[in-house]
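Please look through the following structure slowly, one topic at a time. The notes below are meant to be read with the sequence and the three-dimensional view side by side.

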2 protein chains.
Amino acid sequence: MVGGSREPFRDRLAASTSRLCVGIDPEPASLPPHLGVGVGAVRRFCLELIEATADQAAAFKPNSAFFEQLGHEGWELLREVVQAAGRRALVVVDAKRGDIGSTAAAYARAIFDGLGADACTVNPYLGRDALSPFLDRADRLAFVLCRTSNPGAADFQDLPVGGGGAPLYIQVAKAVAMWDREPPAGTAGLVVGATWPQELGRVREEAPGLPLLIPGVGAQGGDLEACVRELAGTAGSYLISVSRGVAAASRGRDFAEAASRAAAELHQRIAAAEQTSE
Amino acid sequence: MVGGSREPFRDRLAASTSRLCVGIDPEPASLPPHLGVGVGAVRRFCLELIEATADQAAAFKPNSAFFEQLGHEGWELLREVVQAAGRRALVVVDAKRGDIGSTAAAYARAIFDGLGADACTVNPYLGRDALSPFLDRADRLAFVLCRTSNPGAADFQDLPVGGGGAPLYIQVAKAVAMWDREPPAGTAGLVVGATWPQELGRVREEAPGLPLLIPGVGAQGGDLEACVRELAGTAGSYLISVSRGVAAASRGRDFAEAASRAAAELHQRIAAAEQTSE
């Protein structure tokens, strides 16, 4: 068990001067070669990346999959990374969990108490009771997948549902916003890919005030400035999450400096886009 | 890395004389007290449960969440449990993963290569590209969530989609069946809760031949005999998955014997229901 009670995530996010979330997706084969190989190389990469970018970042988003593929040493390293990142910024563990009853409760304990994350990503397909153990934690937050940044997002998320014909992801946004009004309230956010700036605006309308986690800028083609413009003047915070664009800015010995520069540049681009949108 | 190439999961399942899948959901607070506490108690529980029920089971289904909440020792124990179960039967790791691109590939490696599972559960919300790394493995199988056994399943899975008005879970069944016809083919299954026997029949019609994983018998109220009747005479295998009804048949020192008896009884009930449905 790590970490006692914390300030509500929404308040901590609103108080941050940055909107940048640095994704930590350590694929061993893609790391700077001078770091060596194995779990030790992944560890050095993650910890140096955190130190290099923490001054520019509101949050870090370690991706559970890349640690799980390293076995039990990877799981222990994920915990160390969450702790290190949590000393400098908010930490969103990207795990996209979704299960029912006592299983969902066990996942929430594993991520919030075992790893010590401030927030995590969860999947809505199993409905409300699958989200409850995450939403019931007053001092944490669950970003529910809404409109993801990948091509396959269209397979189900875009299907028109019910009588009104709005797409499934809008139905998810509405339902999560409704559930988030019940006590403890303010513990839900939504994931909307930057590859769909206009969808971002629609989701914000349906779920005003809910923090948005926005992946897909950079390698996946999302337009950072278009996203910021869509959200200008709307209620609620957001995080623009960038992984390769920061962490893989260089694969050389200067990877940490390059990541630091990339993070600073993204931070400034977001701030500039916000100013011109006012 | 564990386990080289294997016979296709569908063939191995079809060759089994049992339809019973024993769920392994070790909640530390619910274990027989004589086993003690901590990871050691969970380990003894899992290994004794496997030995006690393997003669009756076609498959085991360890639930990742209950191991993850134990931290890195839990992850290592999950690997040991998958290995032990895999020497006696098929192993489905219940992890309900779903993510995109390189992340999905990392999850598939973690579960199929790292843990050595024969099959796993995955979530369809992110669409086809999120499932590809799992479906691309000719010797493994991915059970895609379709109609789950919990009350919240109705929140999104039951929504009528598109022009036809069929519910989302039917659309998922159709799409997965279509994707499963492409090479390597035969690597997808579907999860349908036993709490909805009639939905089971509809899913089977839309996705003939795909193995079904059917949780929810027993504690969740699913009707075993009704499920078997729905599937009688249809194409494809299925697994009836029971967790508490076997593993928690007794919390006393006789828990393993009680689990063995419960598994034998379930095996016989399934066989009897199949005979009377012919």
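What follows is a short briefing, grouped by topic.

The model shown here is a predicted one. In chain A, 8 strands form a closed barrel with parallel pairing, and in chain B a barrel of 8 strands with parallel pairing is likewise found. The two chains touch each other, with 50 residues from chain A and 50 residues from chain B taking part in the contact.

**The barrel of chain A**

- The strands of this barrel follow the order β1-β2-β3-β4-β5-β6-β7-β8, and neighbouring strands of the sheet are turned against each other by 30° on average when direction is ignored.
- Helix α6(A), which spans residues 128-135, packs on this sheet and touches β4, β5 and β6 of chain A, while its direction makes about 145° with that of β5(A).
- Strand β6(A), residues 188-192, runs parallel to β7(A), residues 212-214, and is joined to that strand by 2 bridges.
- Along this pairing, A:Val191 stands opposite A:Leu213, and A:Leu190 has A:Leu212 as its bridge partner in β7(A).
- Strands β5(A) and β6(A) also run parallel and are joined by 5 bridges; within β6(A), A:Val192 is the bridge partner of A:Arg147.

- Strand β6(A) is mostly covered, since 5 of its 5 residues are buried.
- Both of its faces are covered, with A:Ala188, A:Leu190 and A:Val192 buried on one side and A:Gly189 and A:Val191 buried on the other.
- In soluble globular proteins, nonpolar side chains tend to be buried together.
- The largest nonpolar core of this model holds 198 residues, and those with the most contacts inside it are A:Val144, A:Leu190, A:Ile240, B:Val144, B:Leu190 and B:Ile240.
- Once neighbours within four places in sequence are left aside, the residues in contact with A:Leu190 include A:Phe143, A:Val144, A:Ala173, A:Val203 and A:Leu212.

**How α5(A) and α6(A) pack**

- Two packed helices are described by the angle between their axes and the distance between the axes.
- For α5(A), residues 101-115, and α6(A), the axes come within 8 Å and cross at roughly 30°, and this crossing is right-handed.
- The contact is made by A:Gly101, A:Ala104, A:Ala105 and A:Ala108 from α5(A), together with A:Asp129, A:Ala130, A:Pro133 and A:Phe134 from α6(A).
- By class, the residues of this helix contact divide into 6 nonpolar, 1 polar and 1 charged.

**The barrel of chain B**

- The barrel of chain B closes in the order β1-β2-β3-β4-β5-β6-β7-β8, and its neighbouring strands are turned by 30° against each other on average, direction ignored.
- Strand β1(B), residues 20-24, and strand β8(B), residues 238-242, run parallel and are joined by 3 bridges; in this pairing, B:Leu20 has B:Ile240 as its bridge partner in β8(B).
- Helix α8(B) packs on the sheet, where the helix touches β5 and β6 of chain B, and its direction makes about 160° with that of β5(B).

**Where the chains meet**

- On the side of chain B that touches chain A, the elements giving two or more residues are α3, α4, α5, α6, α7 and α8 of chain B, and the largest share, 8 residues, comes from α5(B).
- By class, this side of chain B has 22 nonpolar, 17 polar and 11 charged residues.

- Not counting residues up to four places away in sequence, A:Pro124 touches residues of both chains, among them A:Leu131, A:Val144, B:Tyr125 and B:Phe156.
- B:Asp129 has its place in helix α6 of chain B, and it counts as partly exposed because it has 17 C-beta neighbours inside 10 Å.
- Not counting residues up to four places away in sequence, B:Asp129 touches A:Asn150, A:Pro151 and A:Gly152 as well as B:Ile100 and B:Gly101.

How values were computed:
Residues are numbered from 1 along each chain as its sequence is written. Chains are lettered from A and ligands numbered from 1 in the order in which they are written. This is a predicted model: local features need pLDDT of at least 70, side-chain atom pairs count only at pLDDT 80 or more; totals for chains, interfaces and linings use all residues. Two strands pair if DSSP finds at least two bridges between them. Helices (H or I, at least four residues) and strands (E, at least two) are DSSP runs, numbered from the N terminus. Axes are lines fitted to C-alpha atoms, for helices over the stretch in contact, and angles run from 0 to 180 degrees between N-to-C directions. Two residues are in contact if their C-beta atoms, placed from the backbone, lie within 7 Å. Ala, Val, Leu, Ile, Met, Phe, Trp, Tyr, Cys and Pro count as nonpolar, Asp, Glu, Lys and Arg as charged, and the others, Gly among them, as polar. A crossing is left-handed if the near helix is turned anticlockwise from the far one by less than a right angle, and right-handed if clockwise. A nonpolar core is a set of buried Ala, Val, Leu, Ile, Met, Phe, Trp, Tyr and Cys residues joined through C-beta atoms within 7 Å. A residue is buried if 20 or more other C-beta atoms lie within 10 Å of its own, exposed if 12 or fewer, and partly exposed in between; C-beta atoms are placed from the backbone.
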